[in-house]
Amino acid sequence: MEPSSIRAQRLPSSLLSCILRSHTTVRQLHQQTSPSQIPSPTPFVPDTKTFLSLIGRNLSQHAAKIPTWESLFSLKSMQLRKLGVEPARTRRYLLWWRDKFRKGEYGIGGDLQEVRNSVAHVRVIEVPADRSSRTLAGPVASKKLIVNVPPDVPVNEPKLRALKPVNGLKVQGAHTIVGPFIEPVKGMGGSIATVKVQEGMWEQRRGEKVDGGERRKVQVRRKRKLEELRKAKS
C-alpha cells in the first residue's frame with residue numbers, strides 16, 4: 001500500500017488545497033466551540049456556594065470542593081466524579097442547571113439586581129399602560145408591575161419606566177405580591193415583600209420511580225411476570 005504522503009502528492013493541487021482548507025476550518029470551529037462559556041455571577045447568585053445552595057439536592061455540601069466560579073462552570077463530569085460529587089444523576093443535575101444558567105434561565109430571584117446580604121426587596125408599582133390599551137375617553141389606563149427596588153431608595157417617575165418586572169411573581173387583588181419564597185414586609189399590606197436566598201429554591205424535585213425507573217423497568221417487569229407464572233404453576 002502506498003504511503004499517504006505519496007498519494008497526497010498525486011492528487012490535483014486544487015483538490016488537495018480544498019481538502020486542507022476544509023480540515024483547517026473544522027479544526028478552527030472545534031477550537032472555537034469546545035471551551036465552555038463561563039457566565040458572570042449575578043447579584044442574587046454571586047458565588048459557587050450560593051449557586052449550589054439554590055439548586056438544592058444537597059449539592060451545597062460540595063461547595064468546598066468547587067471553590068471558584070470558573071471551576072464551577074468548567075469542570076467536566078469525570079472531574080466532578082473524582083472530586084466526590086456522587087451519584088451520577090447528581091452530576092447530571094448539576095450540569096443541567098449549569099447549562100440553564102449559561103442561557104440566562106434562572107429560578108425565582110435570579111433576575112434581581114438590587115440585592116443586599118442575599119435579600120432583595122420587591123414592590124408593586126403602577127405605570128401608564130401601553131398606548132394600544134388606552135381608551136379614548138376617561139382617565140389614562142395604568143398597569144401594575146412588581147419591580148426590584150432597594151427599600152431606602154424613593155422611586156420617581158423616570159426610574160419607574162426603566163425598571164423591568166420581576167419574573168415569577170404576580171399581583172393578586174389590589175396590590176398583594178404573591179409567588180414562591182415571598183415574605184411580605186409587615187405593615188405594607190402585601191405591596192412590599194422580600195426574596196431571600198434559601199436552600200433548594202431552584203430545586204427540581206425528582207419524580208417517583210415506577211418499577212425501578214426507565215432503565216430497569218423492562219427487567220423489573222419481566223422478573224415480576226416470571227415470578228407470577230412460577231406461583232401460578234406451583
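## Getting to know this predicted model

The buried residues of helix H3 (48–55) pack against helix H4 (69–72) and helix H6 (88–102). The structure you are looking at is a predicted model. The protein has eight helices and seven strands, and 29% of its 234 residues count as buried.

**Helix H3**

- Seven of the eight residues of H3 are buried, so this helix is largely enclosed by the rest of the structure.
- Those buried residues are Thr48, Thr50, Phe51, Leu52, Ser53, Leu54 and Ile55.

- Threonine 42 sits in the loop that runs between helix H2 (13–33) and helix H3 (48–55).
- With a relative accessibility of 11%, threonine 42 counts as buried, because the cut-off for buried is under 20%.
- A polar atom of the threonine 42 side chain lies 3.0 Å from the backbone nitrogen of valine 45.
- Setting aside residues up to four places away in sequence, threonine 42 touches Phe101, Tyr106 and Gly110.

- At 53% relative accessibility, glutamine 37 counts as exposed, because exposed means over 50%.
- Apart from neighbours within four places in sequence, glutamine 37 is in contact with Phe73 and Arg102.
- Glutamine 37 and glutamate 70 are 33 residues apart in sequence, while their C-alpha atoms are 9.6 Å apart in space.

**Salt bridges**

- Side chains of opposite charge can pair when their charged atoms come close.
- The structure holds six salt bridges, including the ones described below.
- Arginine 81 and glutamate 86 meet through their side chains in a salt bridge, at 3.9 Å from N to O.
- Both partners are partly exposed: arginine 81 has a relative accessible area of 46%, and glutamate 86 has one of 41%.
- Arg81 and Glu86 also belong to a network of salt bridges that links them with Arg91.
- Lysine 103 and aspartate 99 form a salt bridge between their side chains, at 3.1 Å from N to O.
- Lysine 103 is exposed, with a relative accessible area of 57%, whereas aspartate 99 is partly exposed at 32%.
- Glutamate 105 pairs with lysine 100 in a salt bridge whose closest N and O atoms are 3.2 Å apart.
- In that pair, glutamate 105 is partly exposed, with a relative accessible area of 36%, but lysine 100 counts as buried at 18% relative accessibility.

**The protein as a whole**

- Among contacts with a separation of 6 or more, 56% are between residues 24 or more positions apart.
- The accessible surface of the protein comes to about 16000 Å².
- Carbon and sulfur atoms account for 53% of that surface.

Terms used. Residues are numbered from 1 along each chain as its sequence is written. This is a predicted model: local features need pLDDT of at least 70, side-chain atom pairs count only at pLDDT 80 or more; totals for chains, interfaces and linings use all residues. Side-chain values use heavy atoms; hydrogens and water are left out. Helices (H or I, at least four residues) and strands (E, at least two) are DSSP runs, numbered from the N terminus. Buried means under 20% relative accessible area, exposed over 50%, partly exposed in between (1.4 Å probe, protein chains only). A polar contact is a pair of N or O atoms within 3.5 Å; within protein, one must be able to donate a hydrogen and the other to accept it, and residues adjacent in sequence count only if both atoms are side-chain atoms. Contact means heavy atoms within 4.5 Å. A salt bridge is a side-chain nitrogen of Lys or Arg within 4 Å of a carboxyl oxygen of Asp or Glu. Accessible areas come from the Shrake-Rupley method with a 1.4 Å probe; for residues, only the protein chains shown count as cover.
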